[in-house]
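Here is a short note on strand pairing and ring contacts. Please read it with the model open.

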Amino acid sequence: MTEIFSSASISSCGAGGLNVVIGQNPAIDGDFWVSISDAQNKDVQVSVTDILGQNLYTRNLTGITGSYLLNYRLQLAGGIYVVSASTSDEVFSKKIVVVR
């Protein structure tokens with residue numbers, strides 16, 4: 001599957017380990033994606049919290065190798081949220097804005 005991402009709508013992190021790209025920011029109607037690569041067979045936890053820190057969604061991915069793309073269509077109210085991807089030794093977090 002080929003996906004085209006607008007460089008104006010993504011945030012990424014990949015300093016020598018886990019590579020995470022979060023896109024479609026602002027997230028229209030709660031639609032966004034998370035791309036994970038270079039996890040080196042690690043377990044990765046992806047979570048979404050509101051701006052107050054309340055956990056709204058968590059997904060645990062076991063033994064990730066290669067690349068993994070998660071597409072989300074969460075029923076979130078308009079506002080600011082934090083999307084995080086973490087392993088036992090790395091954490092990447094990014095604020096996203098949901099527009100309704």
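The points below cover the basis of the model, then strands, then aromatic rings.

1. This is a predicted model: local features need pLDDT of at least 70, side-chain atom pairs count only at pLDDT 80 or more, and totals for chains, interfaces and linings use all residues. Residues are numbered from 1 along each chain as its sequence is written, and side-chain values use heavy atoms, with hydrogens and water left out.

2. Strand β9 (residues 91-99) pairs with strand β8 (residues 79-86) in the antiparallel sense, over 8 bridges. Strands are DSSP runs of E, at least two residues, numbered from the N terminus; two of them pair if DSSP finds at least two bridges between them. A hairpin of 4 residues joins β8 to β9. S84 has S93 in β9 as its bridge partner.

3. β9 also pairs with strand β3 (residues 27-28), here in the parallel sense over 2 bridges. I28 stands opposite V99.

4. F32 and Y72 are stacked, at 5.0 Å centre to centre and 20° between the planes. F32 lies in β4 (residues 31-37) and Y72 in β7 (residues 67-73), so the pair ties together parts 40 residues apart in sequence.

5. Y57 and Y72 are edge-to-face, at 5.2 Å and 80°. Y57 lies in β6 (residues 55-64), so this pair ties together parts 15 residues apart in sequence.

6. F32 and Y72 are buried (under 20% relative accessible area; exposed is over 50%, partly exposed in between; 1.4 Å probe, protein chains only). Y72 has 6% relative accessibility. Y57, at 23%, counts as partly exposed.

Note on methods:
Phe/Tyr/Trp six-rings, centres within 6.5 Å; stacked < 30°, edge-to-face > 60°.
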